[in-house]
Amino acid sequence: QVQLVESGGGLVQPGGSLRLSCAASGMLSSINDMGWYRQAPGKQRELVATITSNGSTNYVDSVKGRFTISRDNAKNTVYLQMNSLKPEDTAVYYCNADIRSTFRNYYRPYWGQGTQVTVSS
């Protein structure tokens, strides 16, 4: 089994910061791309940021300059540093990773359980 476990969500005031973490564990062989998605009430899940295994990043326009994605390959962990948070950033945030497990000879996407981020005064 392979698991992604997220942490770091919570309630923050507008302009504040949060740092999300997502650690992959279990019978994994290697990890390719990792990323963060979010889903606000009544809206579709959207891509927030991605990072490749060699560190190349990509962001949705609405978070550029405010959010930073990073990863620690030794810890199989991806992070999302969120600064200057806005009420419209309120959503459930999900991490995603393309993982090759020890029992499958190909990569497939795995998802975390989601962590709530609420930006409100």
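Analyst: What follows goes from the overall fold to the strands and then to the charged pairs.

User: Before we start, where does the model come from?
Analyst: This is a predicted model.

User: Okay. How many helices and strands are there in the protein chain?
Analyst: The protein chain has zero helices and 11 strands. Read along the sequence, the pattern is β-β-β-β-β-β-β-β-β-β-β.

User: And how compact is the protein chain?
Analyst: The radius of gyration is 14 Å, close to the 14 Å that the globule rule gives for 121 residues. So the protein chain is as compact as a globular protein of that length. Along its principal axes, the C-alpha trace spans about 45 × 25 × 25 Å.

User: What share of the residues is buried?
Analyst: Of the 121 residues, 39% count as buried. The accessible surface comes to about 6,400 Å². Carbon and sulfur atoms make up 45% of that surface.

User: What about contacts between residues 24 or more positions apart?
Analyst: They account for 56% of the contacts with a separation of 6 or more.

User: Let's do sheets. In what order do the four strands of the open sheet come?
Analyst: The order is β1-β3-β8-β7, and the pairing is antiparallel. The edge strands are β1 (2–7) and β7 (67–72), each of which pairs on one side only. Neighbouring strands in this sheet are turned by 15° against each other on average, direction ignored.

User: What holds strands together in general?
Analyst: Strands of a sheet pair through backbone hydrogen bonds, either parallel or antiparallel.

User: Start at β1. How many bridges join β1 to β3?
Analyst: Six bridges join β1 to β3, which covers residues 18–26. In that pairing, L4 stands opposite A24.

User: And the next step, from β3 to β8?
Analyst: β3 and β8 also pair in the antiparallel sense, over six bridges.

User: Is β8 enclosed or open to the outside?
Analyst: Largely enclosed by the rest of the structure, because five of its six residues are buried. The strand covers residues 77–82.

User: Switching topic. Which strand does β4 pair with across five bridges?
Analyst: β5, in an antiparallel run. β4 covers residues 28–39 and β5 covers residues 46–51. Y37 has L47 in β5 as its bridge partner.

User: What sits between β4 and β5?
Analyst: Six residues, in a hairpin. G42 in the turn has a positive phi of about 75°.

User: Now the charges. How many salt bridges are there?
Analyst: The count comes to four salt bridges. One of them joins R38 and E46, at 2.6 Å from N to O.

User: Are those two buried or exposed?
Analyst: R38 is buried, because its relative accessible area is 6% and the cut-off for buried is under 20%. E46 counts as partly exposed, at 31% relative accessibility.

User: What other partner does R38 have?
Analyst: D89 meets R38 in a salt bridge too, at 3.0 Å from N to O. D89 lies in the loop between β8 and β9 (91–101), and R38 lies in strand β4, so the pair ties together parts that are 51 residues apart in sequence. Both D89 and R38 are buried.

User: What about K64?
Analyst: K64 forms a salt bridge with D61, with the closest N and O atoms 3.0 Å apart. K64 counts as partly exposed, at 47% relative accessibility. D61 counts as exposed, at 60%.

User: Which residues end up in one salt-bridge network?
Analyst: R38, E46, R66 and D89, joined by salt bridges that share partners.

Note on methods:
Residues numbered from 1 in each chain as written. Predicted model: local features only at pLDDT ≥ 70, side-chain atom pairs only at ≥ 80, totals over all residues. Heavy atoms only, no water. Pairing = 2+ DSSP bridges. Helix = DSSP H or I, 4+ residues; strand = E, 2+ residues; numbered from the N terminus. Axes fitted to C-alpha atoms, helices over the stretch in contact; angles between N-to-C directions. Buried < 20%, exposed > 50% of the residue type's maximum accessible area, 1.4 Å probe, protein only. Salt bridge = Lys/Arg side-chain N within 4 Å of Asp/Glu carboxyl O. Rg over C-alpha atoms; globule rule 2.2 N^0.38 Å. Contact = heavy atoms within 4.5 Å. Areas by Shrake-Rupley, 256 points an atom, 1.4 Å probe, with all protein chains shown as cover.
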